[in-house]
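Dear colleague,

Please find the structure handed over below, for your own work. My notes on it follow directly after.

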Amino acid sequence: MGLNIAMCNAFLVGFVVLLSSWDSCEASVSYDSTAITVNGQRKILISGSIHYPRSTPEMWPDLIQKAKEGGVDVIQTYVFWNGHEPEPGKYYFEDRYDLVKFIKLVHQAGLYAHLRIGPYACAEWNFGGFPVWLKYVPGISFRTDNEPFKDAMQKFTTKIVNMMKDEKLYETQGGPIILSQIENEYGPMEYELGAPARAYTEWAAKMAVDLGTGVPWVMCKQDDAPDPIINTCNGFYCDYFSPNKAYKPKMWTEAWTGWFTEFGGPVPYRPAEDLAFSVARFIQKGGTYVNYYMYHGGTNFGRTAGGPFIATSYDYDAPLDEYGLLKQPKWGHLKDLHRAIKLCEPALVSGDPTVTSLGNYQEAHVFKSRSGACAAFLANYNQHSFAKVSFGNGHYNLPPWSISILPNCKHTVYNTARIGAQSAQMKMTPVDKGFDWQSYNEEATSRGDNSFTMVGLVEQINTTRDNTDYLWYTTEVEINPSEGFLRGGKLPVLTVLSAGHALHVFINGELSGTSYGSLENPKLTFSEGVNLKAGVNQISLLSIAVGLPNVGPHFETWNAGVLGPVSLSGLNDGRRDLSWQKWTYSVGLKGESLSLHSLSGSTSVEWVEGSLYVSERQPLTWYKTTFNAPDGDEPLALDMNTMSKGQVWINGQSIGRYWNQYKASGECAPCNYTGLFNEKKCLSNCNESSQRWYHVPRSWLYPSGNLLVLFEEWGGNPYGISLVKREVSSVCADIHEWQPTLVNWQMETSGKVNKPLRPKAHLSCASGQKISSIKFASFGTPEGACGNYQQGSCHAFHSFDVFERYCVGEQSCTVPITPEIFGGDPCRYVMKKLSVEAICS
């Protein structure tokens, strides 16, 4: 039974107050256990996360349109409190934070929206989306039954809801928002915090429902979500999940398409076959809503990355890459999956499936409607072996770890392990001849107007209020001329214990050493010999925050900076504790106070210019140059591979933090799609920079005279920096000879053909490109993957000829996969496939 009957009857018992305020019985968005109903239409909804501040407004229409073309019905986003209320009561809804514009663009594209107000986001976003000023509200404790926190949370949530209402953006007003979310992944926190957390959950649910949005609210990872809130699942797999009431829909608010990248970590990726398998597995178990987290990950511009240690790129191995380009084959393979699911929709929304065993690791889920619609999902959970199963009046071959979808319970239209979409290799092509740099050196011994002196060590975030990554700790140490180390002995050892996240140690203005933590352990210890002189020595510690934490119990109480002890050992009198000396503190850099990154501030100092004079490998150095915008519309990036650590600005806007010196540690072994996926299973970039290229939005550029400024903490070679464009290098097809396709299914079921049809290979370069050559082609038993195919023991010798004839010189081409076109069957009674790679230029 649907929400309109079952839910209303159920709630009359104990939830009259909630229902009367929500008025869901009259809303245009309702639900039951098998469907979400929008304006009377029962639906299985496909959703994709696109976070508006992680791209630019100029990118939004294209991102939304590509999501729609990929079969997405709903765009899901968090609302980022710290971006919208940087100071108490002072709101910002412009540029990348123009939430109303973003939601209206979703509406104009004909899509729905799911607004995750939170307002806690997590999302690897700085401070989990909370504004730092919130930490300093008297008596506050985050995300628990605490009045100051609840007051602030309710005020902001109400602000957002009223904005949406004023713009008529809820579905009940004719807008696109069909779902809202309050809180975020609070279940594990509630379990840890106990009774106050349970009271907070009840309060948050009632507060949200009382706002009267007219659309359902959800809580993710919240098994005890109070009615009428829908509890939902987040994870790599959610087929096991069931909502806490039988009349609620089975919803997956975060189907993780990959994983985030951390500085010092390899880059995770998730095979398209496994992602498709997880979604099909969820749908066959009665799933009604799937959201890809992320569909477009984007970029952590400025200092928005959290963690700490989260990289500037938030690509997330999403179907749309960081730059907004299609990530093939993932985008295309999921598009085909969505089309197959939509063909099954009439049966899927009609009731629960009948489950039948087809073998030890195989089963069928069959959905039927009263009108005669029938859809079947045939699953093979075996990770290693193909399975041939009997179902209905047919026999079906199921690859390992795969699900076949039969929209009419007869013909296979899609298998999760058989990719029909093309793959693409991308390349970063330099578009300039290098930059002419000017430099300005920041002195470790200089102190700004915002310096102060006190006894003892201070916590960093309480001191900087996160207005900068940097805090200087400076003290003096007097060394007696009689010290043994001055006469050839072992250098004294300076030991500094820090709560994180990175530390540069300067002795008398010279860089002595560096230490840094990691996402798993942000704390660090510096302990090295230091070169001191007789007399007074200046010890300057530059403590650096690399994003504030975004997850964990009461992360607002977590510390950063040098909290000590700080000591000097190896002196004649043994160990000297420096922790309780007088320390002078300076918040931020001199260059920051002068706004050297800005168009106006960059002229406030004397810059050194000329290749003979610009400092290389010099710490604490600002560099600037100007350049003209390159022609074309390809996405742009900076190749920062020769630099170490710092920040970059274009025309005063921050691209983000770079940290190329932090090499990725991990094991990047070959990765098979079969078997349960986790974030450490499939990795790339081991022993390389975690992130080499940094996105430069074209909308930030002027036709000429663009100002590029960077601050290098550690020392690097700016002459190795280049501006590059991201483009398709080659496209590939890897298709088995009897692989099911949607087009063939439509032809066969329409009666236009009376025999099985073979698939076709489709190759298409990007707009403005053509296929210039064929790098590889083999019909038979080729091996490998796009970019490194190899011939197998069986090969049709005319494989190359066909593609050179039909494809070279064309922007796209289509070739049927039939033995005849390749000169005959090269190996009878063997299941063959075609692998081809075409170069785009």
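Which residues does His-338 touch, not counting residues up to four places away in sequence? The model is a predicted one, and in it His-338 touches Ile-46, Gly-70, Gly-71 and Tyr-292. His-338 lies in helix α10. Its relative accessibility is 1%, and His-338 therefore counts as buried, the cut-off for that class being under 20%.

Helix α10 also packs against another helix. The axes of α9 (residues 272–284) and α10 (residues 330–348) come within 10 Å and cross at roughly 15°. Angles under 35 degrees count as roughly parallel, and α9 and α10 are therefore roughly parallel to each other. Their crossing is right-handed. On the α9 side, the contact is made by Ala-272, Glu-273, Leu-275, Ala-276, Val-279, Ala-280 and Ile-283. On the α10 side, the contributing residues are Lys-330, His-333, Leu-334, Leu-337, Ile-341 and Leu-348. Sorted by class, this contact has 10 nonpolar, one polar and two charged residues.

The second topic is a sheet. Five strands form an open sheet in the order β13-β14-β15-β18-β19, with antiparallel pairing. Strands β13 (354–357) and β19 stand at its edges with a single partner strand each, so one side of each is left without a neighbour in the sheet.

Within this sheet, the pairings may be listed as follows:

- β14 (residues 362–368) pairs with β15 in the antiparallel sense over seven bridges; Gln-362 stands opposite Asn-380 in β15.
- β15 (residues 374–380) is joined to β18 by five bridges, and the two run antiparallel; the bridge partner of Ala-376 in β18 is Leu-406.
- β18 is joined to β19 (residues 414–415) by two bridges, again antiparallel; Ser-404 stands opposite Asn-415 in β19.

Is strand β18 mostly covered or mostly uncovered? Strand β18 (residues 402–406) is mostly covered, with five of its five residues buried. In a regular strand, side chains alternate between the two faces of the sheet. In β18, Ser-402, Ser-404 and Leu-406 point one way, while Ile-403 and Ile-405 point the other way. The residues on both sides are buried.

With kind regards

Notes. Residues numbered from 1 in each chain as written. Predicted model: local features only at pLDDT ≥ 70, side-chain atom pairs only at ≥ 80, totals over all residues. Heavy atoms only, no water. Buried < 20%, exposed > 50% of the residue type's maximum accessible area, 1.4 Å probe, protein only. Helix = DSSP H or I, 4+ residues; strand = E, 2+ residues; numbered from the N terminus. Pairing = 2+ DSSP bridges. Axes fitted to C-alpha atoms, helices over the stretch in contact; angles between N-to-C directions. Parallel < 35°, antiparallel > 145°, perpendicular 65-115°, else oblique. Left-handed = near helix turned anticlockwise from the far one by under 90°. Contact = heavy atoms within 4.5 Å. Nonpolar A, V, L, I, M, F, W, Y, C, P; charged D, E, K, R; others polar.
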